[in-house]
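Please find below my note on the model, arranged as numbered points. I would ask that each point be read beside the coordinates.

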Amino acid sequence: MGRLIHIGFGNVVNTGKIIAIVSPDSAPVKRLVQKAKENGMAIDATQGRKTKAVLIMENSQIVLSALLPETISGRAQAEDAVQAEDGN
């Protein structure tokens with residue numbers, strides 16, 4: 001299992017399963033989120049707040065987060081740096 005990163009409000013995801021972290025503002029991403037919700041493939045981790053990032057996972061699931069994509073990617077990169085240090 002990969003490292004877990006915090007995506008807000010006590011929720012964590014496996015960094016090894018993330019394909020992309022995108023902003024929810026564009027029309028294609030909005031359609032992707034809507035289809036995922038209709039198919040039961042969306043996980044809402046926003047705790048009722050505005051969605052600021054959409055995580056696209058390996059298994060075609062979509063995770064919605066109230067943190068900015070830059071914040072989540074920064075945490076993922078920090079975890080990668082820690083993992084690289086542990087490997088040396």
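1. Basis of the note. This is a predicted model, in which local features need pLDDT of at least 70 and side-chain atom pairs count only at pLDDT 80 or more, while totals for chains, interfaces and linings use all residues. Residues are numbered from 1 along each chain as its sequence is written, and side-chain values use heavy atoms, with hydrogens and water left out.

2. Overall fold. The protein has 2 helices and 6 strands, where helices (H or I, at least four residues) and strands (E, at least two) are DSSP runs numbered from the N terminus. Along the sequence they follow the pattern β-β-β-α-β-β-β-α. The radius of gyration is 13 Å, close to the 12 Å that the globule rule gives for 88 residues, so the protein is as compact as a globular protein of that length; the radius is taken over C-alpha atoms, and the rule is 2.2 Å times the number of residues to the power 0.38. Along the principal axes, the C-alpha atoms fill a box of roughly 45 × 25 × 20 Å.

3. Of the 88 residues, 28% are buried, where buried means under 20% relative accessible area, exposed means over 50% and partly exposed lies in between (1.4 Å probe, protein chains only). Among the contacts (heavy atoms within 4.5 Å) with a separation of 6 or more, 51% are between residues 24 or more positions apart.

4. The sheet. An open sheet is formed by 4 strands in the order β3-β5-β6-β4, with mixed pairing; two strands pair if DSSP finds at least two bridges between them. Its edge strands are β3 and β4, each of which pairs on one side only. Neighbouring strands of this sheet are turned by 20 degrees against each other on average, direction ignored. Strands β3 and β5 run antiparallel and are joined by 4 bridges, and A20 has I56 in β5 as its bridge partner.

5. The helices. Helix α1 (residues 27–38) packs on the sheet, where it touches β3, β4, β5 and β6, and its direction makes about 115 degrees with that of β6. Helix α2 lies across β3, β5 and β6 and runs at about 145 degrees to β3. For these values the axes are lines fitted to C-alpha atoms, for helices over the stretch in contact, and angles run from 0 to 180 degrees between N-to-C directions.

6. Salt bridges. The count comes to 2 salt bridges, each being a side-chain nitrogen of Lys or Arg within 4 Å of a carboxyl oxygen of Asp or Glu. One of them joins the side chains of R3 and D86 at 2.9 Å, N to O. Because R3 lies in the segment before β1 and D86 in helix α2 (residues 69–87), this pair ties together parts that are 83 residues apart in sequence. R3 is partly exposed at 28% relative accessible area, whereas D86 is exposed at 53%. The side chains of K17 and E58 also meet in a salt bridge, at 3.6 Å, N to O. That pair links K17 in the loop between β2 and β3 with E58 in the loop between β5 and β6, 41 residues apart. K17 is partly exposed at 41%, and E58 is partly exposed at 49%.

7. N14 is placed in strand β2 (residues 11–14) and is buried, with a relative accessible area of 14%. The side chain of N14 reaches the backbone nitrogen of G16 at 3.0 Å. T15 is found in the loop between β2 and β3 and counts as buried at 18% relative accessibility. Leaving aside neighbours within four places in sequence, T15 is in contact with G2, R3, I5 and A76.

8. Backbone angles to check. Most residues other than glycine have a negative phi. S60, in the loop between β5 and β6, has a positive phi of about 70 degrees although it is not a glycine, and S60 is exposed at 53% relative accessible area.

Conventions: A polar contact is a pair of N or O atoms within 3.5 Å; within protein, one must be able to donate a hydrogen and the other to accept it, and residues adjacent in sequence count only if both atoms are side-chain atoms.
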